[in-house]
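I opened a new page for a structure I had not looked at before. These are my notes, in the order I looked things up.

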Amino acid sequence: MTRRETVEEKLVMGLLRAIAWPFKTLFGSISPSKSTNRSSLDYQFVASSWNDIEQLMQLSGSAHFHQAVTKADTLFDFVLKSVVSGGATMGERLKLAEGKMSKPAYNQVWEAHKLRNRLVHEADAEVMVWEAKQAIQSFKNGLIELKAL
């Protein structure tokens, strides 16, 4: 015999799903349970996630560009965690990874990360198509230099 859920349990579960949805949508399938040491970096996962980002860039509209930049930043941070030890934030991890990329790629990733921060922290921030394309290319170049793509 199975137990029936109470109305309260259904409401709580619905509320939890509603709260979790934006995070699941924003971060996709990036899971904290994935191992982040270099020897076990899931390259197929990185490639698949990057493909999703490129598909977002094919769609028109500022919201899609915003989402693509945010997801690319999250993916880059995911890879950084496998490349460097330490750092509580992506900015700190990026500083630790300075010697692992060429100076131009490193600087471009910083600029892309600053764009992501502006989009996330400024309520009225919008991204122009050229800014999003430039940021996405910067993250891609950084991932290639880190040998993740």
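The entries below go from the whole chain to single residues.

**Ground rules.** I am working with a predicted model, in which local features need pLDDT of at least 70, side-chain atom pairs count only at pLDDT 80 or more, and totals for chains, interfaces and linings use all residues. Residues are numbered from 1 along each chain as its sequence is written, and side-chain values use heavy atoms, with hydrogens and water left out.

**Overall look.** Helices (H or I, at least four residues) and strands (E, at least two) are DSSP runs, numbered from the N terminus. Next I checked burial: 35% of the 149 residues count as buried (under 20% relative accessible area; exposed is over 50%, partly exposed in between, with a 1.4 Å probe and protein chains only). The accessible surface is about 9,300 Å², and 57% of that belongs to carbon and sulfur atoms (Shrake-Rupley method, 1.4 Å probe; for residues, only the protein chains shown count as cover). For contacts (heavy atoms within 4.5 Å) between residues at least 6 apart in sequence, 62% join residues at least 24 apart.

**H2 against H3.** I looked at how these two helices sit together. Their axes come within 8 Å and cross at roughly 165 degrees. Axes here are lines fitted to C-alpha atoms, for helices over the stretch in contact, and angles run from 0 to 180 degrees between N-to-C directions. H2 and H3 are therefore roughly antiparallel (over 145 degrees; under 35 is roughly parallel, 65 to 115 roughly perpendicular, the rest oblique). The crossing of H2 and H3 is left-handed, meaning that the near helix is turned anticlockwise from the far one by less than a right angle, while clockwise would be right-handed. Among the residues making the contact are Phe45, Trp50 and Ile53 of H2 and Phe65, Leu75 and Phe78 of H3.

**H3 against H5.** I then turned to H3 and helix H5 (residues 103-121), whose axes come within 9 Å and cross at roughly 125 degrees. That makes H3 and H5 oblique to each other, and their crossing is left-handed too. The contact includes His66, Asp73 and Phe76 of H3 and His113, Leu115 and Arg116 of H5.

**Aromatic pairs.** How many aromatic pairs does the structure hold? I found 3. Rings of Phe, Tyr and Trp (its six-membered ring) pair if their centres lie within 6.5 Å; planes under 30 degrees apart count as stacked, over 60 as edge-to-face and the rest as tilted. Phe45 and Phe78 are edge-to-face, 5.2 Å centre to centre with 65 degrees between the planes. Phe45 is buried at 8% relative accessibility, and Phe78 is buried at 6%. Phe76 and Phe139 have ring centres 5.8 Å apart and planes at 45 degrees, so I logged the pair as tilted. Phe76 is in H3 and Phe139 in helix H6 (residues 129-145), 63 residues apart. Both Phe76 and Phe139 are buried.

**One glutamate.** Leaving out residues up to four places away in sequence, Glu131 touches Leu115, Arg118 and Glu126.
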